[in-house]
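Please read it beside the model.

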Amino acid sequence: MRDLKIAVIGAGMAGIATVIKLREAGIDDVTVFEKASDVGGTWRENTYPGIACDVPSHLYSYSFAPNADWSHTFASGDEIQAYFQDVARNQGVYDRTRFGEEVVSLVYGDGRWSLATAGGYRGEFDVVIAATGVLHHPNVPDLPGLDSFAGDAFHSARWDHDVAIDGRRVGVVGTGSSAAQITGALVDRVAHLDLFQRTPQWIMPVDNTPYDDAQRQVFRDDPAQMRQAREGLGRAFADHFANAVIDADSPAMAIIEEACRAHLESVADPDLRERLRPDYRAGCKRLIASGDFYDALQRPNASLVTEGIERIEAKGVRTADGELHELDVLVLATGFRSDRFLRPIDVRGRDGASLDEVWAERPSAHVALAVPHFPNLFLLNGPNGPVGNFSLIDVAELQLDYTIQLLDQLRHGAESVEPTVEAAEAFEEARVEATKGTVWVTGCRSWYLDDRGIPAAWPWSIDHFREVMQAPDLSQYRVTGDVAAVSVES
Ligand code: NAP
């Protein structure tokens, strides 16, 4: 069997899993390129106060590395980052990773990828696996006058911990999941908090129950119970959320909407309540899970600002009604450019095809994983995948199982494997059609929607994703070289 030399881009959640799963499959010549100085990806970069994961922790854990010690149902960001560091350390991922190496170009030719980094490294690989994340490139809004602000301004994913927060006047722009968590965490620390809301959000109430010592001991003593807990959470998450949003008329969706409506009723001041009431359906935008957001906004030192931002001035934010909201610190919780994926890496596939040109209108990938004309390149959590309503850990693991079966073609003599244009187009057509039944198209602006207003997401169930990821249908792939050597069930 041929030994494959594999480059992995990114040492976040998916990159760590890649090293481990490839090794399990007998593929050990793996180098991870990580532009930062540590593993963790999202969880290394997002360190804002209040950061947590709204996927339950026992579900947001690798299936192969359960963690009996999660402190809460929804663990905090630093606990999650420590988990990824631990797994990476215990599984030798650090040893495989070249830190401080930003990949800038990938060029395919004669069955190999030439990889170059900004630091001058050059190497040849049989396969590239991009584990570069989805919500990675901060969306810094083009607010007039932003540079003139005399205080400190930063994006939520670039939190500046040298800037004092306590007792100061802080403004938060945005009402997404990041802003909701920041608001809850900051309100008791600051002199005043202004939340600049462009669009109200539905908020799903959640309790973040701690696991006590006894429960943790049970999980430690009996891994089977912990596995069952993970499976139960996965089932509940799928039934009550993931499968609800893909069917706008489902009873599960109605339950979510009712829970959000009832939660909004908990806001005592009718004026504030109405200003917080969205005019679109719950789940249309990525649903926010929070138990403390409304409470925070009802504190005497909090203001919800619903007037549009006109410009930023030295002293603060000037809104369209002419009012100046004076601030010491401005937090831009304004989301991410969700259409970037592995760009800005310059990727040249077969016959010099440029990924940037192929994706000029919008990114797409066959089963969210591979792109015609770009052989032996696999994108974990790639375009139009199950994002936002599943545990991305499960998604990455399933995609890796599928990818490893495609790699078997190469290990048994094939030179290259890539999806056919026809298969990728047929997949995309079916996907677009299926988005029509989702709640994402019921009338809102969100990062799910592409430039056509079509959700850039997997519109089917996680069970269907599991089925598709069971085994590649090789009729959807162009395999060159010695192709008869291995067969994969389809
Ligand atoms: P987001 O959901 O994209 O929210 C960005 C917010 O910024 C929106 O409220 C948006 O308003 C506002 N905004 C953007 N540009 C603006 C401008 N020029 N002026 C005024 N407001 C502006 O971003 P996010 O909160 O960082 O969350 C992104 C995703 O990350 C989430 O949906 C979720 O999937 C994930 N996330 C998850 C967790 C978790 O607990 N698992 C935590 C944080 C993030 P509009 O609504 O009007 O566009």
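1. Domain bounds here come from an automatic or database domain assignment. That assignment gives domain 1 (6-39 + 93-137 + 337-481) and domain 2 (146-207 + 233-332), and the centres of domain 1 and domain 2, taken over C-alpha atoms, are separated by 32 Å. Across the two, 22 residues of domain 1 are in contact (heavy atoms within 4.5 Å) with 21 residues of domain 2.

2. The model is predicted, with local features needing pLDDT of at least 70, side-chain atom pairs counted only at pLDDT 80 or more, and totals for chains, interfaces and linings using all residues. Residues are numbered from 1 along each chain as its sequence is written, and side-chain values use heavy atoms, with hydrogens and water left out.

3. A nonpolar core is a set of buried Ala, Val, Leu, Ile, Met, Phe, Trp, Tyr and Cys residues joined through side-chain atoms within 4.5 Å, where buried means under 20% relative accessible area (1.4 Å probe, protein chains only). The largest such core has 136 residues, and those with the most contacts inside it are Ile 6, Tyr 62, Phe 84 and Leu 106.

4. Leaving aside residues up to four places away in sequence, Phe 84 touches Met 13, Ile 16, Val 39, Trp 43, Tyr 60, Tyr 62 and Ile 393. Another core, of 11 residues, lies apart from the largest one and includes Phe 149 and Leu 327.

Note on methods:
Buried < 20%, exposed > 50% of the residue type's maximum accessible area, 1.4 Å probe, protein only.
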